[in-house]
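Here's a quick briefing to read with the model open beside you. We'll begin with one contact question and then work through the fold by topic.

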Amino acid sequence: MTLGASTGTHAYGEPSYWDQRYRQDTGPFDWYQKYKRLAPLFDLYIRRSHRVLLVGCGNSTLGEDMASDGYLDIVNIDISSVVVEAMRQKCEDKPELKYITMDVRDMSAFESSSFDAVIDKGTLDSLMCGQNAHDNATKMLDEIGRVLKNNGVYILITYGDPNYRMRLLKDTQVWSIAVHVIDRTEKNPEQQRWELTKSVPLNQDNSSITALIGSHAEVHYIYVCIKDETLRRHGDVNGHNEGV
Ligand SMILES: C[S@@+](CC[C@H](N)C(=O)[O-])C[C@H]1O[C@@H](n2cnc3c(N)ncnc32)[C@H](O)[C@@H]1O
């Protein structure tokens, strides 16, 4: 399923859409990718003991699968109280998982610098389908930057190619950014074009990625953004921090 394709694009940005959807579709349903395929990348950046925040968790099994794979402290938030209540009940026997109804644009209930990792699979995308997309995306990224510890990682899994996503990411926070790609659908190892754990080369205008992958590639992009306060101190915030 592609965000913005099957329903009016605005609907994905509206909390009421998600409540209604989760009342009808009790899931489980994972957008884009499942944990099994993403796990090798997570292993590079997240430790089992890290405090991890899954923003816009929906009824994805990502949190459950991570807990089964040894992650110890996973906080899940979603704006839909319908899905949060359902997931809380489903996972009540799993102490590694917490589910909280919260708007990712206002996470004031969390202290600053309190998470080692934030994972976003399809949530920035859904805000960007709604009204006031740019404002909402900026609020979301500001909050994610605030709750992350220095050197903490924001992993954004999205259909959005670097032409727009890189600008947004660079404009909002002080990160070093690496981009990984993964085929949308699982392929036999010999047909796989991209090695998930290797980042793709990035130049200033992102043309290196388009040249390598093509402009309508059947891939998901994974932006690995490491919060780096030293970049702020060096005044090197916008546009000079990619490629790590
Ligand atoms: C495309 S779904 C992705 C669900 C899940 N992450 C996955 O990978 O299957 C987007 C999710 O973001 C949630 N969401 C939308 N706006 C939100 C907001 N402002 N704050 C928190 N969650 C939000 C929706 O309720 C929905 O569960």
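Leaving aside its neighbours within four places in sequence, which residues is Leu53 in contact with? The list is Val75, Ile77, Phe115, Val118 and Val147. Bear in mind that this is a predicted model. Overall, the protein is made up of nine helices and seven strands. Its radius of gyration is 17 Å, close to the 18 Å that the globule rule gives for 244 residues, so the protein is as compact as a globular protein of that length.

**Overall build**
- Among the 244 residues, 36% count as buried.
- If you take the contacts with a separation of 6 or more, 74% of them link residues 24 or more positions apart.

**The sheet**
- The seven strands form an open sheet with mixed pairing, in the order S3-S2-S1-S4-S5-S7-S6.
- Strand S3 (97-101) and strand S6 (175-183) sit at the edges with a single partner strand each, so one side of each has no neighbour in the sheet.
- On average, and ignoring direction, neighbouring strands are turned by 20° against each other.
- In general, strands of a sheet pair through backbone hydrogen bonds, either parallel or antiparallel.
- S4 (residues 115-121) and S5 (residues 148-158) run parallel and are joined by six bridges; Asp120 stands opposite Leu156 in S5.
- S6 and S7 run antiparallel, with nine bridges between them, and Val181 has Tyr221 in S7 as its bridge partner.
- Though S6 is an edge strand, seven of its nine residues are buried, leaving S6 mostly covered.

**Helices on the sheet**
- Helix H6 (residues 133-147) lies across strand S1 (51-55), S4, S5 and strand S7 (219-227), and runs at about 140° to S5.
- Helix H7 (residues 162-172) also packs on the sheet, where it touches S5, S6 and S7; its direction makes about 15° with that of S7.

**The core**
- The largest nonpolar core has 56 residues, and Leu53 and Val118 touch the most other members.
- In soluble globular proteins, nonpolar side chains tend to be buried together.
- Those two are also in contact with each other, as Val118 is one of the contacts of Leu53.

**Around the ligand**
- The ligand is surrounded by 21 residues, and the closest are Trp18, Gly56, Gly58, Ser60 and Gly122.
- Strand S2 (73-78) and helix H5 (123-128) each supply at least two residues of this shell, and H5 gives the most, with three residues.
- Gly122 lies in the loop between S4 and H5. It has 23 C-beta neighbours inside 10 Å, so it counts as buried, the cut-off being 20 or more.
- Gly122 and Gly56 are 66 residues apart in sequence, with 7.8 Å between their C-alpha atoms.

**Backbone details to check**
- A cis peptide bond leads from Gly27 to Pro28, with omega near 5°; Pro28 is in the loop between helix H1 (15-24) and helix H2 (35-45).
- Ser113, a residue other than glycine, has a positive phi near 55°. Ser113 is in the loop between S3 and S4, and counts as partly exposed with 14 C-beta neighbours inside 10 Å.
- Asn206 isn't a glycine either, yet has a positive phi of about 65°. You'll find Asn206 in the loop between S6 and helix H8 (207-213), partly exposed with 18 other C-beta atoms within 10 Å.

Conventions. Residues are numbered from 1 along each chain as its sequence is written. This is a predicted model: local features need pLDDT of at least 70, side-chain atom pairs count only at pLDDT 80 or more; totals for chains, interfaces and linings use all residues. Helices (H or I, at least four residues) and strands (E, at least two) are DSSP runs, numbered from the N terminus. The radius of gyration is taken over C-alpha atoms; the globule rule is 2.2 Å times the number of residues to the power 0.38. A residue is buried if 20 or more other C-beta atoms lie within 10 Å of its own, exposed if 12 or fewer, and partly exposed in between; C-beta atoms are placed from the backbone. Two residues are in contact if their C-beta atoms, placed from the backbone, lie within 7 Å. Two strands pair if DSSP finds at least two bridges between them. Axes are lines fitted to C-alpha atoms, for helices over the stretch in contact, and angles run from 0 to 180 degrees between N-to-C directions. A nonpolar core is a set of buried Ala, Val, Leu, Ile, Met, Phe, Trp, Tyr and Cys residues joined through C-beta atoms within 7 Å. A residue is near a molecule or strand if its C-beta atom, placed from the backbone, lies within 6 Å of it.
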